[in-house]
Amino acid sequence: MLGKGVVGGGGGTKAPKPSFVSYVRPEEIHTNEKEVTEKEVTLHLLPGEQLLCEASTVLKYVQEDSCQRGIYGKLVCTDFKIAFLGDDESALDNDETQFKNKVIGENDITLHCVDQIYGVFDEKKKPLFGQLKKYPEKLIIHCKDLRVFHFGLRYTKEEEVKRIVSGIIHHTQAPKLLKRLFLFSYATAAQNNTATDPKNHTVMFDTLKDWCWELERTKGNVKYKAVSVNEGYKVSDRLPAYFVVPTPLPEEDVRCFQGRGIPIWCWSCHNGCALLKMSALPKEQDDGLLQIQKSFLDGIYKTVHRPPYEIVKTEDLSSNFLSLQDIQTAYSKFKQLFLIDNSTEFWDTDIKWFSLLESSSWLDIIRRCLKKAIEITECLEAQNMNVLLLEENASDLCCLLSSLVQVMMDPHCRTRVGFQSLVQKEWIMGGHCFLDRCNHLRQSDKEEVPVFLLFLDCVWQLAHQHPPAFDFTETYLTVLSDSLYIPIFSTFFFNSPHQKDTNMGRESQDTQSKPLNLLTVWDWSVQFEPKAQMLLKNPLYVEKPKLDKGQRKGTRFKHQRQLSLPLTQSKSSPKRGFFREETDHLIKNLLGKRISKLINSSDELQDNFREFYESWHSKPTDYHGLLLPHIEGPEIKVWAQRYLRWIPEAQILGGGRVATMSKLLEMMEEVEHLQEKIDERHHSQGALPAEAPSLLRSSARLSSLFPFALLQRHSSKPVLPTSGWKALGDEEDLAKREDEFVDLGDV
Amino acid sequence: MWWGGRGQSFNIAPQKAEPDVGSVRRTGTLEPRSCQLGSHLASGCLPGEQILAWAPGVRKGLEPELSGTLICTNLRVTFQPCGWQRRTLIHVSGLSRVQLLRPGSPLKFIPEEILIHGRDFRLLRVAFEAGGLEPQAFQVTSAIVQARAQSSQAQQYAGISLSKAGQSSGSRKPPIPLLETSEDWETERKKQGARGWRVSTVNERFDVATSLPRYFWVPKRTLDSEVRRAFGHFHQGRGPRLSWHHPGGSDLLRCGGFYTASDPNKEHIRAVESMLQAGHSDVVLVDTADELPSLTDVQLAHLKLRALCLPDSSAAEEKWLSALEGTRWLDYVRSCLRKASDISVLVTSRVRSVVLQERGDRDFNGLLSSLVQLLSAPEARTLLGFQSLVQREWVAAGHPFLTRLGVTGASEEAPVFLLFLDCVWQLLHQFPAEFEFSEFFLLALHDSARVPDTLTFLRDTPWERGKQSGQFNSYTQIYTPGYSQPPAGNSVNLQLSVWDWDLRYSSEQILQFHNPGYDPEHCPDSWLPRQQPSFMVPGPPSSVWLFSRGALTPLNQLCPWRDSPSVLAVSSRWLPRPAISSESLADQEWGLPSHWGACPLPPGLLLPGYLGPQIRLWRRCYLRGRPEVQKGLSAPTISGLQDELSHLQELLRRWTPRVSPEDHSKKRDPNTILSQSH
């Protein structure tokens with residue numbers, strides 16, 4: 001039992017645990033040092049990965065239970081990641097480890113994932129960059145996936161500190177060349193390591209066939225055609241090699257402005273209306289050039305406006321919608337709410353949680369995106385209009401809105417394969433500049449805008465509001481957002497398909513004989529074991545019974561809750577006139593004379609929107625049909641799993657959604673079992689022998705942060721700070737209590 | 001949608017009750033069909049309720065739209081859908097607002113649609129049918145407006161006669177023990193295993209305190225005379241009583257504030273002390289009011305919340321969060337949870353006596369003690385257990401429901417009970433597998449708080465409740481002659497309580513009180529910590545603590561009178577909250593004092609999250625007035641699965657009669673859910 005001296009002196013030091021996870025005090029360091037050298041974890045290097053620098057006797061602080069604990073180990077920096085090697089294994093032999101990322105360990109930070117580095121000098125926190133004159137005693141690393149690491153360097157040798165700190169700063173912050181990305185070293189080293197998942201049916205949209213298939217699927221092939229005019233990127237390096245345009249559009253028009261100013265097909269609705277996008281023509285001052293542009297656009301419009309094409313409504317995303325600047329500012333404020341250095345800081349912000357959240361306006365931005373997507377949906381679905389999204393390069397908000405609309409309207413996009421194909425089609429082939437937007441090369445902070453994350457957050461809102469409609473879970477979205485920073489997948493490391501192809505050696509023959517084979521993020525087996533992958537699949541999702549295989553979207557697949565708003569004759573005729581007017585606006589817009597708000601502020605459109613929105617929500621939801629999100633104030637929520645998962649204070653042991661999940665899975669299983677039985681009676685087979693993830697089977701209470709709650713609580717929750725405790729240090733009392741304590745222990 | 005499919009009604013505080021069932025006015029001009037309807041309606045009236053006006057209409061705003069009749073009586077406004085049975089009506093509280101949509105003024109035009117906002121966040125939207133019945137629409141509207149105006153004056157529910165027409169007079173066992181007899185208390189005491197305690201009958205005639213129940217638990221060794229003496233030194237005579245005995249040995253007590261003006265002698269002080277100590281060597285006094293909102297705060301927050309949740313609330317969507325924060329309601333919810341979580345650790349981690357002390361002992365003491373039990377005792381999370389808990393800690397303990405819910409119009413309105421329900425909802429939301437009851441049950445309880453058909457929530461004290469139900473026929477000495485003797489035949493019916501759910505809810509609705517996600521395997525009996533020897537030590541307690549500002553401070557003495565100045569009399573409010581800076585955190589040991597040991601918390605203990613992101617708005621309750629927000633709340637998938645499961649089982653059973661139902665056929669029958677298990 002506890003000796004008096006200990007209680008009186010230190011306020012209760014707990015006996016050191018068998019592992020060297022223990023309380024650390026400066027005076028104890030020497031006693032622990034011996035242990036440190038004994039246990040060391042070997043560094044696992046990926047193919048092509050090189051160790052750059054390392055430092056030993058680094059103390060990693062564990063921010064849990066509000067008490068300062070630490071683990072000693074080695075901090076290393078490779079050309080792929082920063083890794084901390086300590087004996088952490090004792091904390092990991094539980095269920096949670098089954099959801100382990102095979103590439104990135106718990107204490108690994110890929111260089112691209114580092115957001116901000118701070119040093120602590122004499123208890124003061126300062127951001128670190130460039131050449132340092134003085135080296136900090138503590139290193140704080142904020143990650144883009146919102147983890148926060150604290151590394152104490154006080155007991156590390158001085159030259160090691162210098163080496164590791166400057167190494168980390170250099171390799172995470174210095175501008176890089178594309179060719180120096182780890183992606184290439186990895187691909188070169190792991191040439192024969194090209195395991196392709198046979199089950200991975202994601203459509204990559206890098207062949208003409210893929211586009212034709214998509215046209216076929218959406219019945220868009222009547223009015224649109226896939227073209228190969230940009231094969232070899234002869235026309236434009238912003239466009240993919242293959243894409244889809246209206247059938248009568250001549251190929252010369254595509255060449256005219258390097259692919260700008262032409263309507264490019266995104267998706268066709270069941271009623272034949274299409275979602276189109278267009279990148280704006282270059283701004284010209286010269287009247288002559290303007291004239292040419294005007295007549296070019298007129299020509300385009302003549303082709304697109306003739307029947308069988310529907311009326312086109314233009315959404316100019318660069319003039320009266322969110323700016324990238326808004327998104328960037330909002331997110332950088334928002335993420336600060338979750339990058340918590342210590343729990344005191346957390347409690348300070350906690351009081352004003354809602355107003356802080358609101359002032360970041362991230363949720364409002366989500367709302368605006370969802371609202372815009374509903375507006376577009378309304379045009380397509382209820383008004384039978386084509387919608388043309390217009391943006392400078394058609395590669396930011398264009399990607400976001402067109403894919404959001406498709407998630408809402410096309411149930412195929414809510415399956416995992418469909419969703420991946422969608423990201424492939426709209427974001428990868430759509431030329432979203434992942435390299436710049438994620439600032440992978442650290443070349444310009446200004447360009448760093450989390451557009452894709454915004455999209456995932458919007459999808460999360462939808463999935464959160466309508467769980468049975470999605471084939472994937474929020475965990476899937478979370479790990480997808482994490483994958484943005486893992487430089488072994490090519491998916492999110494290029495600005496355009498052109499850039500990818502030229503750098504992969506497909507185009508040039510000078511470096512290698514055969515092109516590099518890069519991994520795609522959609523091959524989830526690279527990151528997760530099959531067992532862990534089960535957590536990416538939503539057990540509540542009910543697949544639509546496929547009655548006829550050939551026809552995915554025919555007349556009989558009409559949305560059940562569509563069109564309660566018939567477009568009456570009297571209503572449609574003014575729209576004809578309206579459209580003409582609008583074309584003029586469009587052309588003016590395109591030519592740089594921006595006339596804002598003429599289109600969107602129209603009261604009529606607002607009313608249509610309200611009516612559409614309300615009538616949809618007043619009917620029961622068909623999870624295989626059109627899906628609209630709620631956008632009222634109370635409905636937009638914080639994606640708790642992604643943003644709160646590393647904050648130990650935020651976990652509820654035995655609570656949260658995961659608590660019902662096991663029950664749910666059990667019942668699902670039973671239902672399936674019975675269904676199978678019934679099917680047997682009918683002498684027909686085909687019931688899917690579904691496996692519920694056995695991860696959830698354990699009787700142990702899981703935390704609400706599952707599967708990310710790696711920060712396990714070892715002791716009971718701290719609840720009562722005993723401020724007056726020390727004042728009581730009466731020896732007799734202590735002796736007496738000690739006896740009682742023994743008593744209790746013996747029972 | 002569970003909530004939408006039924007009739008709705010709103011109560012109007014009555015002007016004066018006349019227990020005259022026959023006096024329902026019938027309009028002479030009714031068509032035969034309507035006449036029938038009228039009489040049908042009358043049969044559903046409470047005694048003393050009069051139909052003032054009615055009109056056919058269509059309830060809007062929810063799918064499907066229902067046609068039916070909007071009825072205004074002297075007690076309530078109710079919408080009765082065609083073809084529904086009377087018993088499916090849901091009654092709710094007083095009106096907060098009547099708003100007429102289309103016509104500007106109700107008295108000049110014939111309304112097309114009427115919107116009624118209930119005080120309990122409900123919205124009733126009825127469109128009147130066109131075609132000859134406009135006068136009725138006009139009539140009913142003006143009747144509602146009038147009734148509303150009248151009810152805004154302070155009026156008493158006191159006179160409502162509560163015998164239930166149509167109830168069979170057969171003696172009926174209450175669904176849960178109402179704790180009105182000493183046997184109930186004894187049974188409950190045994191169930192908790194509180195061996196050191198006994199039921200005291202000292203207040204049998206309500207002469208110790210009218211706000212206390214007739215029976216309560218006191219330490220076994222304390223004599224009734226000591227109890228009487230000791231209780232006199234507490235505010236309103238509410239001395240320390242056992243709330244709950246933790247199976248690990250600790251006791252949770254509650255009591256009122258020390259009555260500082262009294263001058264007890266030594267013997268009295270000893271009695272008080274031994275009752276507080278309850279045989280434990282450690283005593284922790286919890287200053288209940290500390291860090292919790294005041295009653296005024298709660299009321300203000302609730303008013304603001306109500307204003308915010310109105311459908312035409314002025315808060316813009318992008319300002320919603322700060323408006324929500326501005327109500328402070330969630331802040332209060334959070335502080336209650338936080339405090340309850342602290343106390344439950346205090347109770348669980350070691351054998352001691354934890355005393356909740358609040359001046360009045362009728363508001364937050366009940367809230368905290370119920371929350372602590374919900375957190376620490378799995379049986380309190382069952383349907384039955386929760387209802388007994390509310391009956392014990394709120395109803396029997398004398399929470400002044402009538403005053404706090406503002407039914408009397410008194411100024412002390414503060415919906416503490418609704419705050420409690422919100423706290424419970426947060427727990428339910430955070431631990432979806434740990435509670436046997438569902439959100440709908442909480443909603444039903446929330447809405448029942450103002451129903452005028454049982455006494456449970458319509459009296460301030462157990463004494464008044466008992467008086468009304470004629471319990472004291474044999475105790476004429478305290479019987480106030482001002483009240484007329486209730487008819488003898490009624491006494492059985494008067495046993496009805498709010499827990500008789502089938503009075504107001506259909507069996508399908510009652511089925512939904514059950515949480516389909518409840519996983520009782522989570523809380524096997526083994527959760528109980530081994531019974532530790534209780535230290536029934538005579539003599540003064542060896543350590544006395546004050547729990548305040550989230551920390552424990554040692555106290556010199558339990559009672560404030562022995563030496564002056566006293567500790568509690570000065571109030572703990574001056575004690576500074578320990579400033580915890582990030583620097584000091586590094587050195588400071590957190591956690592329990594070491595000699596208490598690193599006691600592993602028992603698995604049955606729930607520790608709720610009370611961080612900003614974890615406290616949610618109870619949308620299904622507060623945003624009911626905003627149907628656009630309500631509609632999309634997706635149906636509980638688990639219950640959907642359960643339905644499918646039972647459907648499949650049914651199918652299978654039909655085909656193979658020999659297959660034994662086994663464990664699959666867990667029949668869910670409302671009676672088994674709500675009836676007593678013993």
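**Helix packing, domains and salt bridges**

Reply: The axes of helix α15 (residues 451-465) of chain A and helix α16 (residues 474-483) of chain A come within 10 Å and cross at roughly 175°. This is a predicted model, in which local features need pLDDT of at least 70 and side-chain atom pairs count only at pLDDT 80 or more, while totals for chains, interfaces and linings use all residues. Residues are numbered from 1 along each chain as its sequence is written, chains are lettered from A and ligands numbered from 1 in the order in which they are written, and side-chain values use heavy atoms, with hydrogens and water left out.

Me: How are the axes and helices defined here?
Reply: Axes are lines fitted to C-alpha atoms, for helices over the stretch in contact, and angles run from 0 to 180 degrees between N-to-C directions. Helices (H or I, at least four residues) and strands (E, at least two) are DSSP runs, numbered from the N terminus.

Me: So are α15(A) and α16(A) roughly parallel or antiparallel?
Reply: Their crossing angle makes α15(A) and α16(A) roughly antiparallel to each other; angles under 35 degrees count as roughly parallel, over 145 as roughly antiparallel, 65 to 115 as roughly perpendicular and the rest as oblique.

Me: Which residues make the contact?
Reply: From α15(A) come F452(A), L453(A), L456(A), V459(A) and W460(A), and from α16(A) come E474(A), L477(A), L480(A) and S481(A), where contact means heavy atoms within 4.5 Å.

Me: And what packs against α15(A) at about 75°?
Reply: That is helix α11 (residues 362-381) of chain A, with the two axes 10 Å apart, and α11(A) and α15(A) are therefore roughly perpendicular to each other. On the α11(A) side the contact involves W362(A), I365(A), I366(A), C369(A) and L370(A), and on the α15(A) side L454(A), D457(A), C458(A) and Q461(A).

Me: What about α8(A) and α10(A)?
Reply: The axes of helix α8 (residues 324-336) of chain A and helix α10 (residues 353-360) of chain A come within 8 Å, crossing at roughly 155°, and the two are therefore roughly antiparallel. A330(A), K333(A) and F334(A) of α8(A) meet L357(A), S359(A) and S360(A) of α10(A).

Me: Switching topic, which domains does chain A have?
Reply: The assignment gives domain 1 (51-174) and domain 2 (208-507 + 514-536), with bounds that come from an automatic or database domain assignment. The C-alpha centres of these two domains of chain A lie 34 Å apart, and their contact takes 29 residues from domain 1 and 31 residues from domain 2.

Me: How many salt bridges between them?
Reply: The count between domain 1 and domain 2 of chain A is two, a salt bridge being a side-chain nitrogen of Lys or Arg within 4 Å of a carboxyl oxygen of Asp or Glu. Over all chains, the whole structure has 42 salt bridges.

Me: Which residue does E214(A) pair with?
Reply: The side chain of E214(A) forms a salt bridge with that of K425(A) (2.8 Å, N to O). E214(A) lies in helix α5 (residues 208-217) of chain A and K425(A) in helix α13 (residues 416-428) of chain A, so the pair ties together parts that are 211 residues apart in sequence.
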